[in-house]
Amino acid sequence: MRGKWHFVLTTGFFITLWLIFNIWLKKEFFTITQIIAAIPISFFPDVDHNFKVMGHRNWFTHSIVLWEVVYLFNQHFIFLTLMLGIGFHCLCDIRLQPKKQVGYYTIKWFGMKNLGRYTYPNLNGVYSTLWLSLNFLIAFIQFIVIVVIF
Ligand SMILES: [Zn+2]
């Protein structure tokens, strides 16, 4: 998905959450300041564009793994909000037509240099879709369980 649409959808996603939690349920689980931080950070997965060794849609950047580790050491709410943003980026990277989740759109493990060219072992379309949706689901369920239930 192009950056512009990531921005529009992520902003819409957070505004919706803010309306549900802060206005409707009157619970200030996260603040506007956190949302303003989470929107630009939701672009983080696409830093893989800049590193040939990762390949676009690298499994590590297109996941919440890094942020889970950060949260393990610092249980601040902001990281749950950031994970929601990253997870939502993953969700947006799923093609609506599953057959189109190929090539460029698949999840890459890492690049291997072979005769001066990079090749990328990747997940197939179904597993890429699964990977992307799992990361969103885990971020979302985690947010609900930790922030809403406890
Ligand atoms: Zn992406």
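User: Before we start, what should I keep in mind about the model and its numbering?

Analyst: Residues are numbered from 1 along each chain as its sequence is written. The model is predicted, so local features need pLDDT of at least 70, side-chain atom pairs count only at pLDDT 80 or more, and totals for chains, interfaces and linings use all residues.

User: How many helices and strands are there in the protein chain?

Analyst: Elements here are DSSP runs numbered from the N terminus: helices are H or I with at least four residues, strands are E with at least two. The protein chain has five helices and two strands, and along the sequence they follow the pattern α-α-α-α-β-β-α.

User: What does the radius of gyration of the protein chain say?

Analyst: That radius is taken over C-alpha atoms, and the globule rule is 2.2 Å times the number of residues to the power 0.38. For the protein chain the radius is 16 Å, close to the 15 Å the rule gives for 150 residues, so the chain is as compact as a globular protein of that length. Taken along the principal axes, the C-alpha atoms fill a box of roughly 60 × 35 × 25 Å.

User: What share of the protein chain is buried?

Analyst: Count the other C-beta atoms, placed from the backbone, within 10 Å of a residue's own: 20 or more is buried, 12 or fewer is exposed, and in between is partly exposed. Buried residues make up 28% of the 150 in the protein chain.

User: And which share of contacts joins residues at least 24 apart?

Analyst: Two residues are in contact if their C-beta atoms, placed from the backbone, lie within 7 Å. Among contacts between residues at least 6 apart in sequence, 66% join residues at least 24 apart.

User: On to helix pairs. At what angle do H3 and H4 pack?

Analyst: Two packed helices are described by the angle between their axes and the distance between the axes. Axes are lines fitted to C-alpha atoms, for helices over the stretch in contact, and angles run from 0 to 180 degrees between N-to-C directions. Under 35 degrees counts as roughly parallel, over 145 as roughly antiparallel, 65 to 115 as roughly perpendicular, and the rest as oblique. Here H3 (residues 65–73) and H4 (residues 77–92) pack at about 175 degrees, with axes 10 Å apart. That makes H3 roughly antiparallel to H4. Trp67, Val70 and Tyr71 of H3 make the contact with Phe79, Leu82, Met83 and Ile86 of H4.

User: How does the contact of H3 with H4 split by class?

Analyst: Ala, Val, Leu, Ile, Met, Phe, Trp, Tyr, Cys and Pro count as nonpolar, Asp, Glu, Lys and Arg as charged, and the others, Gly among them, as polar. This contact has seven nonpolar, no polar and no charged residues.

User: What about H1 and H2?

Analyst: The axes of H1 (residues 3–24) and H2 (residues 32–41) come within 10 Å and cross at roughly 155 degrees. That makes H1 roughly antiparallel to H2. Thr10, Thr11, Phe14 and Trp18 in H1 meet Ile35, Ala38 and Ile39 in H2. By class, that is five nonpolar, two polar and no charged residues.

User: At what angle do H1 and H4 cross?

Analyst: Roughly 130 degrees, with the axes coming within 10 Å. H1 and H4 are therefore oblique to each other. His6, Leu9, Thr10 and Phe13 in H1 meet Gly85, Phe88, His89 and Cys92 in H4. That contact divides into four nonpolar, four polar and no charged residues.

User: Where is Phe44, and what does Phe44 touch?

Analyst: Phe44 is in the loop between H2 and H3. With 16 other C-beta atoms within 10 Å, Phe44 is partly exposed. Not counting residues up to four places away in sequence, Phe44 touches Thr61 and Ile86. Phe44 and Thr61 are 17 residues apart in sequence and 7.2 Å apart in space, C-alpha to C-alpha.
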